[in-house]
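Here is a friendly tour of a single protein chain, written for someone who likes to know which side chains meet and where. Please have a look at the sequence and the model first.

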Amino acid sequence: MNPAAGMSRRVIPIRAVARDATAAEPAASACEDVEEAFALLVYGETMLPEFAEGDVIIVEPDGRPCDGSYVVARCAGEWALRQLVERDGRWCLHALDARIADVGLAAWSDVRGVVIQKRPAGRRRASVSYV
């Protein structure tokens with residue numbers, strides 16, 4: 001939005017969570033108990049070529065997921081960025097890396113939000129919208 005045109009900018013919180021590698025249970029996550037859109041930093045290469053390490057994604061908790069949406073969801077006990085796909089009448093969380101198997105979506109409550117935008121690493125002015 002353009003502030004000069006009388007429109008205000010919406011602030012998207014970026015939440016940091018410390019990791020404890022020795023803990024038996026994962027620490028509370030920035031994905032839990034958030035009611036408004038939030039930003040996350042992408043780590044790893046499981047979603048290449050669409051999402052690279054260092055990209056910033058904006059996640060809308062109230063977004064409506066559909067076949068092909070990129071979502072943040074519980075996957076193998078932790079939050080992960082995945083593509084939501086329908087296969088043979090069931091919903092799966094799909095990593096774009098072909099070496100990683102799809103994981104069945106156990107419950108819709110496992111989907112924390114829909115990715116609505118990404119900003120590629122190192123390119124502040126570039127962005128991709130998914131809505």
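**Ground rules**

This is a predicted model, in which local features need pLDDT of at least 70, side-chain atom pairs count only at pLDDT 80 or more, and totals for chains, interfaces and linings use all residues. Residues are numbered from 1 along each chain as its sequence is written, and side-chain values use heavy atoms, with hydrogens and water left out.

**The chain as a whole**

The chain has zero helices and eight strands. Helices (H or I, at least four residues) and strands (E, at least two) are DSSP runs, numbered from the N terminus. Of the 131 residues, 34% count as buried. Here buried means under 20% relative accessible area, exposed means over 50%, and partly exposed lies in between (1.4 Å probe, protein chains only). Contact means heavy atoms within 4.5 Å. Among contacts between residues at least 6 apart in sequence, 46% join residues at least 24 apart.

**A buried lysine**

Lys-118 sits in strand E7, which covers residues 111–119. A salt bridge is a side-chain nitrogen of Lys or Arg within 4 Å of a carboxyl oxygen of Asp or Glu.

The side chain of Lys-118 does reach the backbone oxygen of Glu-50, at 2.3 Å. Lys-118 also lies over the face of Phe-51, at 5.3 Å from the ring centre. A charge sits over a ring if NZ of Lys or CZ of Arg is within 6 Å of the ring centre and within 35 degrees of the ring normal. Leaving aside neighbours within four places in sequence, the contacts of Lys-118 include Asp-55, Ile-57, Val-128 and Tyr-130.

Glu-50 belongs to the loop between strand E1 (38–41) and strand E2 (56–60). With a relative accessible area of 24%, Glu-50 is partly exposed. Its side chain makes a polar contact of 2.5 Å with the side chain of Tyr-130. A polar contact is a pair of N or O atoms within 3.5 Å; within protein, one must be able to donate a hydrogen and the other to accept it, and residues adjacent in sequence count only if both atoms are side-chain atoms. Not counting residues up to four places away in sequence, Glu-50 touches Asp-55, Tyr-70, Leu-96, Lys-118 and Tyr-130.

Asp-55 lies in the loop between E1 and E2. Is Asp-55 buried or exposed? Asp-55 is buried and has no salt bridge, its nearest side chain of opposite charge being Lys-118 at 4.1 Å. A polar atom of the Asp-55 side chain lies 2.8 Å from the backbone nitrogen of Ala-52.

**Aromatic pairs**

Rings of Phe, Tyr and Trp (its six-membered ring) pair if their centres lie within 6.5 Å; planes under 30 degrees apart count as stacked, over 60 as edge-to-face and the rest as tilted. By this rule there are four aromatic pairs, among them these two:

| Pair | Centre to centre | Angle between planes | Geometry |
|---|---|---|---|
| Phe-51 and Tyr-70 | 4.9 Å | 80° | edge-to-face |
| Trp-91 and Trp-108 | 5.3 Å | 65° | edge-to-face |

Phe-51 is in the loop between E1 and E2 and Tyr-70 in strand E3 (residues 70–75), 19 residues apart. Both Phe-51 and Tyr-70 are buried, and together with Tyr-130 they form one aromatic cluster. Trp-91 lies in strand E5 (residues 90–94) and Trp-108 in the loop between strand E6 (103–104) and E7, so this pair ties together parts 17 residues apart in sequence. Trp-91 is partly exposed at 23% relative accessible area, and Trp-108 is partly exposed at 45%.

**Salt bridges**

Side chains of opposite charge can pair when their charged atoms come close. How many salt bridges does a search of the whole structure find? The search finds two. Asp-102 and Arg-87 meet in a salt bridge of 2.0 Å, N to O. Asp-102 is in the loop between E5 and E6 and Arg-87 in strand E4 (residues 78–87), 15 residues apart. Arg-99 and Asp-97 meet in a salt bridge of 2.8 Å, N to O. Arg-99 is exposed at 73% relative accessibility, whereas Asp-97 is buried at 14%.

Terms used
Lys, Arg positive; Asp, Glu negative; His and termini not counted.
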